[in-house]
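Here is a short tour of one structure, from its domains down to the packing of its helices. Have the sequence and the model to hand as you read.

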Amino acid sequence: MEALWVVLPTGQRAAGGWIDDTLRQRAEERGLLSRTPLAGVFPRHRVEVVRAPDPIEEVNERFEARGWTDGLPVTPPTLARVEAMCAATARAPSEVLGEVEPLRGEATVEKVAANAVMAGCRPEHFPVVLAAVQAVLDPAFNMRGVQTTDENVAPLLIVSGPLAGRLGLNAGFGALGPGWRANATIGRAVRLVMLNLGGGWPGAVSLAGLGQPGRYTLCLAEREDSPWPALHVELGYRPEQTTVTVLRAETAINVTGGLAEVASVMASAASAFTMLHEGRVAVVVAPFVARRLAAEGWSKDDARRWLHEQARVPVAAWQSWWLRATARQWPAWVTGAAATLPVVKEAADITLVVAGADLAIPQLAYFPSWGFPPCGVTREVVAPIDLVG
Amino acid sequence: MLRASAVAEEAGVPSVSLTCEGFIGQAATTATGLGLPGLPVAVVPGHVDVQTVDELRANVLGVTVEGVIQGLTAAPDKTVELVEPEPGEVVFEGTADEINRFFYENSWSDGLPIVPPTAARVEEFLRRTDRDADETLGVLLPDRRLATVRTVAINGVMAGCRPEYMPVLIALVEAMADPRYGVEHSGNTPGAETLIVVNGPVIRRLGFNYQQGALRDGFQANTSIGRFWRLYLRNVAGFLPHRTDKATFGNTWRVVLAENEDALARIGWTTIAQDQGLAAGANAVTVSRFTGGTVLASVFGTRPEQMIPYLADGITRLVAWELMFTVGMALGAQRPLLVLSPILAETLARAGLTKQDVQRRLFEHARIPASRFERYIGEWTNLAPGRPTLGDLVARGRAAPLFAESDDPGRLVPVVARAEDIMVAVSGDPLRTNAYVFAHNGILGFPTTKPVRLPAR
Amino acid sequence: MLERVLWPRGRRTVTARPVAPRLDTLAGKTIGQLWDDLFRGDEIFPVLEGALAQRFPGVKFVDYRTFGSTHGAEEHEVLRGLPARMREHGVDAVISGMAC
C-alpha cells in the first residue's frame with residue numbers, strides 16, 4: 001500500500017463554505033450527478049492522504065468522480081510537488097489573489113499551485129500561471145460571464161517578453177498546439193483554476209452549449225524575432241519585462257493568405273458577438289506575413305487600421321443574422337454606420353501577435369471575441385531570481 | 001455600510017453594495033458575520049482614492065454598472081450548509097509520525113509534535129470532570145465555532161497536558177469565551193499574547209511551578225497549559241497566521257504563571273483572584289493579554305521609598321501606545337501587571353504596606369509628563385485622531401478629570417486611571433530581588449477570571 | 001502502530017438568512033441610494049444613475065441625502081429609521097456604498 005499526500009485543489013470561500021456543496025446541488029438538479037458521482041464527497045481539510053496499491057490511479061479516479069478534472073488525467077498535487085511549485089514565487093502560499101466567480105472560491109497561491117501541478121506544469125511555469133490568473137481575476141475579464149454564458153468562449157493567453165523563451169514557451173512551430181509542455185500546461189492550469197476554484201462545471205454552472213478545444217488550453221507566446229514591436233512593448237512595458245495578455249476568445253479561424261483573407265473572415269457572422277459587445281479581437285500573424293508587410297513599410301498600426309477599414313459587414317448581411325434579431329442593444333457605431341459596418345469600434349481593438357512556424361506560407365488566425373466589457377488584460381510575469389538566474 | 005445593506009435586505013428590499021476591489025474578501029467575511037453570506041456586491045475596480053475623475057467614471061461605467069444590475073436582479077445562490085467533519089469524529093488513522101504530519105499540514109498544530117488525540121486519551125480527560133462532554137462553554141470568534149468540553153479534552157491531549165488538568169482547561173475556555181475578555185481581538189496587528197495566572201490549592205495539587213523560573217518552560221503544568229491556550233485559539237477560535245491572525249510579529253504562548261500563595265499568606269496580601277473578586281483560597285485562572293514584558297533586575301533598597309521609584313519607572317517605561325486604553329478609545333481599561341519576587345513583596349510588607357498600599361504608591365510614582373503622554377497617542381501613533389490634548393479628552397468625557405488638573409504640558413500624569421488598575425502578583429525565585437513588568441492590551445484582552453471547578457470526587 | 005485520531009475543531013454556527021427576493025427588471029423601479037459619506041460615492045452615484053437611466057426606461061432614484069449617512073455619529077438612528085423611510089419613498093431596491 002502506497003500513500004500520496006495531496007493538497008485538495010477545490011475552492012473554499014472566504015467565509016469557509018466549500019463550493020462543491022453548491023455544485024453538488026446544481027448537478028443533482030440538472031441530472032448530471034452521473035458525471036461526478038462523488039461531487040462534494042471529500043475530507044474537508046487542506047490535505048488528504050490517499051492510500052491504495054496504485055495511488056496515482058486512485059487520485060485520478062477520485063478527482064474525476066469529484067468533478068475536479070477536465071476529463072484528461074491529472075498529476076496528483078502532492079505536498080512535495082505543491083511546495084516546489086509555491087517555491088517558484090516570492091508570494092506566500094496563503095496569499096489570496098482574488099475570488100473566482102461565479103462560486104467565489106478563494107484563489108490562494110497554494111490552491112493555484114495545486115491546480116498547476118494537476119495541469120502538468122513545472123515550477124518554472126508557475127510565474128506565468130500566476131500572472132495569467134491575476135489577469136483573469138481582473139473585473140474586465142468578466143469571469144462570471146465567461147463561466148456561465150451559453151457561448152463558447154475561452155481565455156486566450158498571449159505571453160510576450162524574454163522570459164517566454166527562457167521558461168520554455170513556444171512561439172514557433174505549432175504555437176497554438178500541441179507539443180510544448182509550457183504552452184499546454186499553463187493554459188490548462190488557468191482552466192483548472194476556473195473549474196475548481198470558480199466552479200465552472202460543464203452543464204451545472206457553465207452552460208456553453210458546444211464548448212471549443214481552446215477550453216482545454218489556449219496559450220502561446222509571441223516570437224521575439226518579430227519585425228514589429230513586441231506586444232508588451234506596444235502596451236507600454238519595457239523590452240526586458242515579460243507579460244501575459246488575456247483576451248476572451250471564440251474559436252480560432254485559420255486563414256491562409258493575407259490581410260484581405262483575414263478581413264473577409266472577420267466580416268462574417270463569426271464576429272457577431274464581437275460587434276454586439278464592442279469586443280477586442282486577436283489576429284495571429286505568421287513571421288512570413290509579418291516580414292513581408294514590414295518590408296513593404298507596414299507597421300502593426302498600419303495593419304490594424306487596414307483591417308479596421310476593410311473588414312466591413314454589409315448592412316443587409318448583418319440584418320439577416322440571428323443575433324441581430326434577438327439582441328436589440330447594438331452599439332451606436334454599428335447601428336449608426338452607413339452601408340457597411342465595422343467589426344470593431346477602433347483599430348486599437350485588434351491585437352496583433354506574431355507567432356507560428358517560419359515557413360514560406362502566409363498563415364494567420366483570427367480569434368473573434370465575446371462578452372462585456374472590452375477585454376485585453378495584461379499582467380507582468382515576475383520570476384524569482386533563483387528561477388531564471 | 002454593509003450593515004445598511006443588511007437592514008434593507010431584512011426589510012425585504014433587495015440591495016447591492018458598492019465595494020472596492022481590495023475589500024472584496026473582507027466584505028464577504030463581514031456579510032457572513034451579519035448573517036447574510038449571500039449579500040450581493042458590485043465591484044468598483046482599483047482604489048478610488050488614486051483615480052482621476054475620468055478613470056473613476058470609466059471604471060464605474062465599465063464594470064460597476066453591470067455589477068449593480070446583476071446584484072439587484074440575478075437570483076443569488078441558495079445558501080448551502082457548511083459541510084465539515086463532526087466534532088470529535090475520527091479524522092485520520094496512521095502512525096504517530098503520520099498523525100503529526102497530517103495535523104501540521106492541516107494547520108491543527110503549532111509545529112511541535114502533538115500527542116495524538118485518540119478516543120482513549122480523550123476519554124481519560126473527560127473522566128476528570130463531571131461536566132458533559134457536549135456541554136457548550138461558549139461560541140468563539142472569529143470562526144463562530146462551539147467551544148465544548150470535548151474539544152477542550154482533544155486539544156488538551158494534543159498539547160501534552162495531563163488528564164487531571166481538565167478543570168483548569170475548562171475554566172480557561174470559559175474565560176476565552178467571556179465577551180469581556182475580547183477573544184476576537186487575538187489576531188490583531190500588535191499581536192499581543194495572553195498570560196494565564198493561576199491561583200488556589202490547585203497550584204500545588206497539579207504541580208505548577210511557582211518558584212524560581214516561574215515563567216520558564218520545563219514544568220509540565222505551566223508549559224502544556226500555556227500551549228493548550230494557543231492550540232485552542234487556533235483550532236476552535238480559528239486564529240491562523242496569514243489568515244485570521246494578522247499579528248505583525250506576535251509571540252509564542254507564555255507558560256502559566258502561578259502565584260506563590262505561601263508567600264502571600266505570610267504577608268497577608270491578596271491574590272490576583274481575590275483582587276478580581278473571588279473568595280480567598282479559591283481555585284481560579286485569570287487571563288489577560290500583554291503586549292510585552294521586561295525584567296527589572298536588582299531592585300535595590302530596604303525601604304519602600306527606595307524601591308517604589310524603580311518599580312514605577314518599570315511600569316512607565318513599558319507603556320506607550322497602550323495609553324490609548326487609559327484615555328480616548330477605552331476609558332481606564334489598561335491593567336499593567338507587576339510581578340514581584342517574594343522577597344521584594346516581603347520587604348514592602350515589612351514596612352507595613354498592604355498590596356493596595358503598594359498600588360497606591362506605584363500610582364503616585366508611575367507618572368509621565370502630559371506632553372509625552374499626548375505624543376504617544378497623538379503625534380507618534382495617531383491613535384487618537386486630531387492629536388487631542390489630555391485637556392481636550394477630559395472636556396469630551398474621554399478621560400478622567402485627573403488627567404487635566406492644569407494645562408501645563410510638563411505636568412506629571414498617571415498612566416492608568418486608578419491605583420487599583422496596576423495589578424500586582426507575587427511569584428518567582430523567593431530570594432532574588434527581581435521584578436517583572438507586563439504592558440497591557442486594554443480592552444483587547446481584558447483581565448477575566450473564572451473559578452476552577454474540581455469534580456465532586 | 002496505527003492510531004485513530006479525532007478532529008480537534010468545533011462546529012461552526014454560522015446562521016445564514018436568505019436575502020430579499022431580487023427584482024425582475026430595473027425598468028420603472030425606484031432605487032434608493034445609501035451612502036456613508038466616504039470614498040467618492042458622491043461622484044459614483046451620478047454615473048450609475050446616468051447609465052441605468054439609459055438602459056432602463058422609467059427607473060427613478062431617491063438621493064442618498066434623504067436617508068442620512070449610514071456610518072456617521074447617527075448611524076444607529078439612520079439604520080433604525082431606514083425601513084420606514086424606504087417605505088415612505090416607495091423604494092424597490094437600494095444601492096449602498098462604499099465598502100472600501
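Chain A is split by its domain assignment, which is automatic or taken from a database, into domain 1 (1-248) and domain 2 (251-369). This is a predicted model, where local features need pLDDT of at least 70, side-chain atom pairs count only at pLDDT 80 or more, and totals for chains, interfaces and linings use all residues. Residues are numbered from 1 along each chain as its sequence is written, with chains lettered from A and ligands numbered from 1 in the order in which they are written.

Over C-alpha atoms, the centres of domain 1 and domain 2 of chain A are 29 Å apart. Their contact (C-beta atoms, placed from the backbone, within 7 Å) draws 23 residues from domain 1 of chain A and 21 residues from domain 2 of chain A.

Now to a helix pair in chain A. The axes of α3(A) and α4(A), lines fitted to C-alpha atoms over the stretch in contact, with angles from 0 to 180 degrees between N-to-C directions, come within 9 Å and cross at roughly 115°. The two helices, α3(A) and α4(A), are therefore roughly perpendicular (65 to 115 degrees). Here are the residues that make the contact:

| Helix (DSSP run of H or I, at least four residues) | Contact residues |
|---|---|
| α3(A) | A:R81, A:V82, A:M85, A:C86 |
| α4(A) | A:V109, A:E110, A:A113, A:A114, A:A116, A:V117 |

Over in chain B, helix α13 (residues 342-350) has buried residues (20 or more other C-beta atoms within 10 Å of their own), including B:L344 and B:L348. After α13(B) comes B:G352, with a positive phi near 95°.

Note on methods: A residue is buried if 20 or more other C-beta atoms lie within 10 Å of its own, exposed if 12 or fewer, and partly exposed in between; C-beta atoms are placed from the backbone. Angles under 35 degrees count as roughly parallel, over 145 as roughly antiparallel, 65 to 115 as roughly perpendicular and the rest as oblique. Two residues are in contact if their C-beta atoms, placed from the backbone, lie within 7 Å.
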